[in-house]
Amino acid sequence: MDQSSTHFIAICSDSIGETAEAVVQATLRQFELPNTEIKRYMNVRDEEELTALMEEVARRGGFVAYTLVQPELREAMREEAVRLNIRAVDIMGPMMQAFADTFNDDPKRLPGLLHRLDDSYFRRVEAMEFAVQYDDGKDVSAILKADIILLGVSRISKTPLSMFLAHKGYKTVNYPVVPEMALPSQLQEVKQGIIIGLTMDAEHLLKIRSERLKVMGLPHQVQYATLERIQEELDYAKLLYNDLGCPVIDVTDKAIEESAGLIMNQINHR
């Protein structure tokens, strides 16, 4: 395909298509494909809609990733893919079949179950509100209410991690580690295993802080963005983590999703 043309990927779903798009986006990161367009076709519930979108995909020379729970629509998708010579990737079908074959059970085949307003949905909303309210050590009372407590020096991704973990349903609070400031005494009262210390390579953190100062229009020479100061903070944090006996996650060059996955593994296996 001409590198200047648009790479077209269709998302077809009988719900909102979030699952299929997440898989496509994760895969897309492994390729250098400029000018890529991802288009969602949501709430596709009949064969006429499906045929129309597949003809658009054929015209634009792309492929389709789909999450359809109704067998009739999945079969129609396969037929249209053959008729129009389009590659169609079934995101959920093989997984549902694996469940059915392994556990001898049948799927409900109801679209949109992932996004229904159940207890887990309200737990995520509550966790998001918690993360915003208690971000960056705003209130030490949050320590005894949290599922996860993140500790780390400035610009080490505490807030983005808190928000991501909240989206997964964990009430997360984060506190800055600064040599001149004592940590809250309430940390000694929490259950073992919910405190996580964050660390990062000093030179990597220097680049992040320097870029932050540049964005804010501040001089680069301030102590905050010197390698000596950063190393001092990281060494101090290491001592604190040792005193608390908490696990430490190195977030250098890790995506938020990857770091959050490591944190959740620690919490779930404590």
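1. Helices (H or I, at least four residues) and strands (E, at least two) are DSSP runs here, numbered from the N terminus. Two strands pair if DSSP finds at least two bridges between them.

2. Before going on, please keep in mind that this is a predicted model, in which local features need pLDDT of at least 70 and side-chain atom pairs count only at pLDDT 80 or more, while totals for chains, interfaces and linings use all residues. Numbering runs from 1 along each chain as its sequence is written, and side-chain values use heavy atoms, with hydrogens and water left out.

3. The sheet around β5 is open, with four strands in the order β6-β5-β7-β8 and parallel pairing. At its edges stand β6 (172-176) and β8 (248-250), each with a single partner strand, so one side of each has no neighbour in the sheet. Ignoring direction, neighbouring strands are turned against each other by 25 degrees on average.

4. Which strands does α8 touch on this sheet? Helix α8 (residues 227-244) packs against β5, β7 (195-199) and β8, and its direction makes about 160 degrees with that of β7. Helix α9 (residues 256-268) also touches β5, β7 and β8, at about 150 degrees to β7. Contact means heavy atoms within 4.5 Å. Axes are lines fitted to C-alpha atoms, for helices over the stretch in contact, and angles run from 0 to 180 degrees between N-to-C directions.

5. Now for the helix pairs. Two packed helices are described by the angle between their axes and the distance between the axes. Helix α6 (residues 158-167) packs on α9 at an angle of about 65 degrees, with the axes 10 Å apart, which makes α6 roughly perpendicular to α9. For these words, angles under 35 degrees count as roughly parallel, over 145 as roughly antiparallel, 65 to 115 as roughly perpendicular and the rest as oblique. The crossing of α6 and α9 is right-handed; a crossing is left-handed if the near helix is turned anticlockwise from the far one by less than a right angle, and right-handed if clockwise.

6. From α6, that contact uses Pro160, Leu161, Phe164 and Leu165, which meet Ile256, Glu257, Ser259, Ala260, Ile263 and Met264 of α9. By class, the contact of α6 with α9 holds eight nonpolar, one polar and one charged residues. Ala, Val, Leu, Ile, Met, Phe, Trp, Tyr, Cys and Pro count as nonpolar, Asp, Glu, Lys and Arg as charged, and the others, Gly among them, as polar.

7. Helix α7 (residues 202-216) and α8 pack at about 120 degrees, their axes 9 Å apart, and are therefore oblique to each other. Their crossing is right-handed. Ala202, Glu203, Leu205, Leu206 and Arg209 of α7 face Leu227, Ile230, Gln231, Glu233 and Leu234 of α8 in this contact. Six of the residues are nonpolar, one is polar and three are charged.

8. Turning to the other sheet, the order of its four strands is β2-β1-β3-β4; this sheet is open, with parallel pairing. Here β2 (36-41) and β4 (88-90) are at the edges, each having a single partner strand, so one side of each is left without a neighbour in the sheet. From one strand to the next, the twist averages 20 degrees. Six bridges connect β1 (residues 7-13) with β2, which run parallel, and Ile9 has Ile38 in β2 as its bridge partner.

9. Helix α2 (residues 47-60) lies across β1, β2 and β3 (63-67), at about 170 degrees to β1. The axes of α2 and α3 come within 10 Å and cross at roughly 30 degrees, and the two helices are therefore roughly parallel. Their crossing is right-handed.

10. How many salt bridges does the structure hold? There are 13, a salt bridge being a side-chain nitrogen of Lys or Arg within 4 Å of a carboxyl oxygen of Asp or Glu. One to look at joins the side chains of Glu55 and Arg83 (3.4 Å, N to O). Glu55 lies in helix α2 and Arg83 in helix α3 (residues 71-84), so the pair ties together parts that are 28 residues apart in sequence.
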